[in-house]
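Biologist: Could you take me through this structure and tell me what stands behind each label you use?

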Amino acid sequence: MVLTYFEKYEPNPSDTYYQLGLPYGISFSPNSRFLYVGSPRKGVIQYDTHLSNEQIEPKGKRIVFVPAQVRGLQLGPDGKLYIARGMDGYRHISVINKPDLPYPLSELAHAGVDLGVEYFNYGLCLPNFISSYFDPSPLISYQKECEGRSYAFFLEKAADLQAVAWDFSDPASGEANTSAELSPRHQFTGAGEYLVKASLLYSSGVRRELIRKIVIEPQINLELGKDTVLCRGETLSLDVSSIGGVCLWQDGSTSTSYEVTREGVYSVEICKNGCRYTDTLQVFHTDVPTVDLGEDQIICDDKPVLVSAQFPYSSYLWSTAHTTPTLEVSQSGTYAVEVANRCGQSRDTIAILYESAPIIELATEVELCIGDTLRLDASSLYAKSYVWKEAASARILSEQSRVEIIGAGTYEIIATNLHCSSKQTIEVKGVECEKNLYIPNVLTPNGDGANDSFIIKGIAQGKWGLEIFSRQGRSIYQSKAYQNDWAASGLPGGMYFYHLWDPSSKRSYKGWVQILR
């Protein structure tokens, strides 16, 4: 056997370590640092591949398993090294529990696995298979995002770790160039090759360094352009040949260019470097704009008017310097707009006149004593004509600003100027009015027969309600059918307040009365 040194990244032999006779089993440790060689005569030998040829003897070579008769070495899926012995009557397989460590830290167990039966005829052999299939050595793996240069790194087969230190070989990223997270994410600053390193510290104290080369391709900038408008008959050429990769357009065609002849949605998908890139463009068709602001308008109130010149895919310029599709108008004037797009332009004007409507200042509800006449006057500064009507019959009562009402009912007044009118409805309620109503404001309840009770003249007794309040607002007397009989019994002298009301007509009076004792 010839043990040869290989440089770290290029498989070029540069130094020969050691020559040995016919081996019985050869295996590397999971971390690839130590090489184990089995010999029928010398037992198991451990070589440290990190040492040079000059250091091999005696430091680099260690006799791990002194008893001879080694018949086979095999690295198991659990990361342990198993040793078959060639002695009749032996029933065990020896095990090196920590083959990543130098002997004797590698923990050799002579009777590691009890087979339960003795074997003969030159001992026991192990099956031949490629141990890398079961290699428990840790690996750097990653997932990349096709948009941008973001990579998510993680370790495979890295159990029992105490710490990990990452170096992304990307100094331009500043503090983000290193990480102590178990599964970090890194955004590379540019295209190129990066040697990503992971320095591992196991709970056992063993250290290990992993390296993986990452190639960052230049970022692909796939842009079909902004959504666009074509005049009818125009065409548009889309070209993605500068990007490379495999193209697929929305209709299944695979050319690097596409000729657009009608409106619709156009998309392309490019596959390159294991990623898919897509972009979409919408194309619209239009014509020379047409605009119609409508007939001139007369506005009879102060509400703003919205004038529209909207036409698809066009720009606007109003005489007011506004550039919106619509214009809100709130004063008289002539307004013009110019509408343009890539196919042509159009122009229109509109005149808007604001005119004040007549103002009617009358109450909407009025009471009229039954048998009396009510005169109403709707004179307005802006009115040129008037019409008074009965609301129910539409009978015209007057064509002047004034009218005389002789009965209850609902009435309408319409006042008009040159173009605008105002209308108001007036509800006239007939009520029975008290003639010669007198409510006293002094009461002297001293028993002399004069002014001893609160006697209200001019009301029908028993049809009116009365409530008396103290100066603090507390109710001290109430009657829903007052009989002119309240005499302030038990109350001290002072000022009190009353509320007198008629439930049928809803008429009421409020005031004060002074009690003198």
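Modeller: Below, each label is set against its criterion, and keep in mind that this is a predicted model.

Biologist: Fine. What makes Cys 231 and Cys 343 a disulfide?

Modeller: The cut-off is two cysteine sulfur atoms within 2.5 Å. Here the S to S distance is 1.9 Å, so the pair Cys 231 and Cys 343 meets the criterion. The structure holds 2 disulfides, by the way.

Biologist: And why is the disulfide of Cys 231 and Cys 343 called left-handed?

Modeller: The torsion about its S-S bond comes out at about -120 degrees, so left-handed is the word.

Biologist: Which parts does the pair tie together?

Modeller: Cys 231 sits in strand E18, while Cys 343 is in the loop between strand E28 (333-341) and strand E29 (344-354), so the bond links parts 112 residues apart in sequence.

Biologist: Back to strands. What makes E20 and E22 partners?

Modeller: Pairing takes at least two bridges. E20 and strand E22 (residues 264-272) are joined by 4 and run antiparallel, so they count as paired. In that pair, Val 246 stands opposite Cys 271 in E22.

Biologist: What is the strand order in the open sheet?

Modeller: The order of its 4 strands is E18-E23-E22-E20, with mixed pairing. Strands E18 (228-231) and E20 (246-249) are at the edges: each has a single partner strand, so one side of each has no neighbour in the sheet. On average, neighbouring strands of this sheet are turned by 25 degrees against each other, direction ignored.

Biologist: How do you know that E16 pairs with both E13 and E17?

Modeller: Strand E13 (residues 161-167) has 6 to strand E16 (residues 192-202), and E16 has 10 to strand E17 (residues 207-216). Both pairs run antiparallel. Trp 166 has Ala 198 in E16 as its bridge partner, and Glu 193 stands opposite Val 215 in E17. E16 and E17 form a hairpin with 4 residues between them, and Gly 205 in the turn has a positive phi of about 95 degrees.

Biologist: Where does UniProt place the PKD domain?

Modeller: An unreviewed UniProt entry puts "domain: PKD" at residues 166-205. That span is 0% helix and 45% strand, and its end C-alpha atoms lie 18 Å apart.

Biologist: How many residues line the second largest pocket, and which are closest to its centre?

Modeller: The pocket has about 430 Å³ of space. It is lined by 19 residues, the closest to its centre being Gly 79, Asp 100, Ala 159, Tyr 202 and Ser 204. The lining divides into 8 nonpolar, 4 polar and 7 charged residues.

Definitions and conventions. Residues numbered from 1 in each chain as written. Predicted model: local features only at pLDDT ≥ 70, side-chain atom pairs only at ≥ 80, totals over all residues. Heavy atoms only, no water. Helix = DSSP H or I, 4+ residues; strand = E, 2+ residues; numbered from the N terminus. Axes fitted to C-alpha atoms, helices over the stretch in contact; angles between N-to-C directions. UniProt positions renumbered as here; feature names shortened; annotations may be inferred. 1 Å grid on protein atoms, 1.4 Å probe; cavity = no way out; pocket = protein on both sides within 12 Å on 5 of 7 lines; lining within 4 Å. Points joined across faces, edges and corners; volume = space filled by probe spheres on them. Nonpolar A, V, L, I, M, F, W, Y, C, P; charged D, E, K, R; others polar.
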